[in-house]
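Subject: Handover of a structure, with notes

Hello,

I am passing a structure on to you.

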Amino acid sequence: MPGKRTLDYAAYAVFIALILCAPLVLEEFWLNRIAKFLVYGLLGVAIALSWGYAGILNLGQGLFFGLGAYMMAMSLKLASPTSLQQGSATPVPDFMLWNAEPGAKTDLCCINHGSFLWTPFQNPWFGIGMAVLAPVLVATVIGWVMFRKRISGVFVSIIMLALVLLVRLVVIDAQPLTNGFNGLTDLGNLTVLGVELDPYEVVTYYVVAGTLALALIATRLLVETRAGLILQAIRDDQNRVRYLGFDVPLYQVFFFAVSAGIAGVAGLLYVVVAQFASPTFMDLSFSITMVVWAAVGGRASLLGACIGAIGINIIEAGASETQALVQAWRAVIGLIFVLVVLYLPRGVAGFASDAADAVLSRFGRKRPPAARPASERVAS
Amino acid sequence: MSAVLTVDGLGVAFAGFKAVDGVSLIIEEGELRVLLGANGAGKTTLMDLISGKTKSTQGRVHLRDTDITNWEEPAIARAGIGRKFQIPSVFRELTVRRNLEVAGCGKPGVFANLRFGLPRAARRRLDEVLDLIGLADEAQTVAGTLSHGQTQWLELGLLVMQDPKLLLLDEPTAGMTAAETLRTADIIKSLRGTHTIIVVEHDMAFVREIAQRITVMHLGQVLAEGDMASIEADPRVRAAYLGSKGIH
Ligand SMILES: Nc1ncnc2c1ncn2[C@@H]1O[C@H](COP(=O)(O)OP(=O)(O)O)[C@@H](O)[C@H]1O
Ligand SMILES: [Mg+2]
């Protein structure tokens, strides 16, 4: 059905045009908020890829988001004015001084155990690279262990859920290195290629929107490849795929790592826009919230899940303007989730797709049969 | 003629119970072998052993000159053995055409498949397979909505698309109407000669329709081997199988 696919691509084009044109009508305060929501949209894409296309419901996606966020935040913490004014050759984060080993030299190399790990983060490119690489590597190792052992379904969800909570505890516990509960705050702006990404400047918004647009297109192209097709086949029937000669775990690990990489980029951008990283990124509730966004938007659709994440957050932002609604918001979002699961199992995107089908078939039927080219009749 | 598959004294025991016990078979190039036997005779388990689903505890399996005993399933599939399951399994959320595209991807690795569409030759073959399994009109139908018989044909199509040296078909007509069974016999007959096939079947009308050489299994062992007439005349087969329940 070529008409359907055209509509699908048109939806991508309209969405991308909308987010790129938003600065024409929105002021800075709202641009910054929307940029955060676009980051959530990126998380929606990551969830849809792993849940919708690979059939892996990851209840610990916050692990990869958090990793990306912390890697970027470490670089930006070292770039902040306070870190640069500790009277040492290297920038030193303020919380490291509060947690310094007795008598230790005020320098990244040795102010406390492990502080040397921060040294390479003085280069922002190292932080950027690690924000993507660390989640990808961690996902590859976890995925390799899980999928080699043919662990699937709810067991993957539980393992990921346990892992994100474990890492959250470790981050909180490593107070001298991570500032524990408080997270990394008072960050500098990211400066790359001579451009300073102030969160309230429009250039920062464009970086976020451009990244989301690229990620959407790239991920969409990725699932259109033969590997993406095989991934969907694995989701439907792993065993069948195995007996066709494909190494199932390789495919699962690859796409699991891609999804983690996207979440890592989201974490990176979130830090640039929101200027903090916190262990709350690895709270269970945040990982579950992402899943709800994707479910409402439509987990089988990359764009649907993305719009779901953005849409829910815009509504939430609107609701928080009204005092009464702030209290009720959690109940409202819970209700929306239940209604969608009951009545729109494929989310809003699934509903839109069915509606498009209905319109197209109506449109198709109105055309006289003779008008259809012979080739189309044979093919359909 | 040369042997495509050589099974030599193959067996497996589940907690001491020998489901397959010292089975030896030689399948020639282009042969269509029917595997007969009552429920529980060990036919499915024998296919499991050949295709790597179950690891054997005795004996060897050779595909041509390669010893494939107890290899991993994908490795055995790549060596050239295709398997159709007793319970049909297809990719339910993909269309019929996309199902066949999966089987036609050819290369096993994830990076080798980071490209769009099938090679031209595979696309042409896909259309032929659609015609062969009679699903050309259903190419855009989502597989989960196909009838039971159509699902069986689609799985058969996956195997033809995969194009292995040897096809293992476990009860390909299970749950089919008489008309569908005949159609399936036609499909399998059209593969005869160009493909080497082992098929497990209960339906005697179907077996008479397609059989050349038959192997009868009983309690995990080979009881008899020969053409239809000699099998029906064999007193041991009658005693163990035909005599009690009759071939159904
Ligand atoms: N994994 C298994 N564990 C224990 N017993 C099994 C297993 N697989 C098959 N069997 C037993 O092996 C016997 C042969 O089964 P099967 O090969 O399915 O027979 P058939 O396909 O000829 O009807 C049956 O008695 C079955 O219960
Ligand atoms: Mg059986």
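This is a predicted model: local features need pLDDT of at least 70, side-chain atom pairs count only at pLDDT 80 or more; totals for chains, interfaces and linings use all residues.

T44(B) has 26% relative accessibility, so it counts as partly exposed. Q86(B) has 32% and also counts as partly exposed.

**Salt bridges**

How many salt bridges are there over all chains? The count comes to 25. Here are some of them.

Begin within chain A. R168(A) pairs with D283(A), and their closest N and O atoms are 2.6 Å apart. R168(A) sits in helix α7 (residues 154-173), while D283(A) is in the loop between α12 (248-274) and α13 (284-297), so the bridge ties together parts of chain A that are 115 residues apart in sequence. R168(A) counts as partly exposed, at 21% relative accessibility. The cut-off explains that label: buried means under 20%.

Next comes a contact between chains. D247(A) and R78(B) meet through their side chains in a salt bridge, at 3.5 Å from N to O. D247(A) lies in the loop between α11 (238-242) and α12 of chain A, and R78(B) lies in helix α2 (residues 73-79) of chain B, so this pair joins two chains. D247(A) is partly exposed at 22% relative accessibility. R78(B) is partly exposed too, at 41%.

Now turn to chain B. E225(B) forms a salt bridge with R213(B), with the closest N and O atoms 3.4 Å apart. Both residues are in strands: E225(B) in β10 (residues 221-226) and R213(B) in β9 (residues 213-218). The pair therefore ties together parts that are 12 residues apart in sequence. E225(B) has a relative accessible area of 34%, which makes it partly exposed. R213(B) is partly exposed at 35%.

Back in chain A, there is also a network. R5(A), D8(A), R220(A) and E224(A) are linked in it by salt bridges.

**Surface patches**

Which residues form the negative surface patch? They are E27(A), E28(A), E196(A) and E201(A). One of them, E28(A), is found in helix α2 of chain A, residues 28-53. At 49% relative accessibility, E28(A) counts as partly exposed. Exposed would require over 50%.

A nonpolar patch covers about 550 Å² of surface. Its residues are L335(A), V338(A), L339(A), L342(A) and Y343(A). Y343(A) is placed in helix α15 of chain A, residues 323-343. With a relative accessible area of 63%, Y343(A) is exposed.

**Single residues**

Two residues in chain B deserve a look for their backbone angles. A15(B) is not a glycine, yet its phi is positive, at about 50°. You will find A15(B) in the loop between β1 (3-14) and β2 (17-28) of chain B. E171(B) is not a glycine either, and its phi is positive at about 45°. E171(B) lies in the loop between β7 (166-170) and α6 (178-191) of chain B.

Are these two buried or exposed? A15(B) is exposed, with a relative accessible area of 87%. E171(B) is buried, at 8%.

One last pair is in chain A. V202(A) is in helix α9, residues 202-224. V202(A) is partly exposed, with a relative accessible area of 34%. How far from L24(A) is V202(A) in space, C-alpha to C-alpha? The distance is 10.0 Å, although the two are 178 residues apart in sequence.

Best wishes

Definitions and conventions. Residues are numbered from 1 along each chain as its sequence is written. Chains are lettered from A and ligands numbered from 1 in the order in which they are written. Side-chain values use heavy atoms; hydrogens and water are left out. Buried means under 20% relative accessible area, exposed over 50%, partly exposed in between (1.4 Å probe, protein chains only). Patches are made of residues with over 30% relative accessible area and no salt bridge: like charges are joined within 9 Å, nonpolar side chains (Val, Leu, Ile, Met, Phe, Trp, Tyr) within 5 Å. Accessible areas come from the Shrake-Rupley method with a 1.4 Å probe; for residues, only the protein chains shown count as cover. A salt bridge is a side-chain nitrogen of Lys or Arg within 4 Å of a carboxyl oxygen of Asp or Glu. Lys and Arg count as positive and Asp and Glu as negative; His and the chain ends are not counted. The place of a charge is taken as NZ of Lys, CZ of Arg, CG of Asp or CD of Glu. Helices (H or I, at least four residues) and strands (E, at least two) are DSSP runs, numbered from the N terminus.
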